[in-house]
Amino acid sequence: KHTANIVPFISSVNSFAVIFKIFFTLYNTFITLIVNIISFFFYFILFFIETGSCHVAQAGLKLLSSGN
């Protein structure tokens, strides 16, 4: 009689474990996605800052040489 009473409890714990695993898998996927998006924009902005600074330096040299 005691085993019949504990079966629904084990079933509910098992279903909780499945829901817990699905939730944290989705959470982990979401965090990974956010980190990848932030990294992409960081490198995107860094690339344009670096290439833009080269163009600014070239423009500055042309401006300096135009006075001679």
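Phenylalanine 23 and tyrosine 27 lie four residues apart in helix α1 (residues 2-66), so about one helical turn separates them. This is a predicted model, in which local features need pLDDT of at least 70 and side-chain atom pairs count only at pLDDT 80 or more, while totals for chains, interfaces and linings use all residues. Residues are numbered from 1 along each chain as its sequence is written, and side-chain values use heavy atoms, with hydrogens and water left out.

Helices (H or I, at least four residues) and strands (E, at least two) are DSSP runs, numbered from the N terminus. Of the 68 residues in the protein, 0% are buried; buried means under 20% relative accessible area, exposed over 50%, and partly exposed in between (1.4 Å probe, protein chains only).

Eight aromatic pairs are counted in the model. Rings of Phe, Tyr and Trp (its six-membered ring) pair if their centres lie within 6.5 Å; planes under 30 degrees apart count as stacked, over 60 as edge-to-face and the rest as tilted. Phenylalanine 23 and tyrosine 27 form a stacked pair, at 6.3 Å centre to centre with 20° between the planes. Phenylalanine 23 is partly exposed, at 48% relative accessible area, and tyrosine 27 is partly exposed as well, at 45%.

The rings of phenylalanine 24 and tyrosine 27 have centres 6.2 Å apart and planes at 80°, so this pair is edge-to-face. Both residues belong to helix α1, three residues apart, about one turn of the helix. Phenylalanine 24 is partly exposed, with 39% relative accessibility. Phe16, Phe20, Phe23, Phe24 and Tyr27 form one aromatic cluster.
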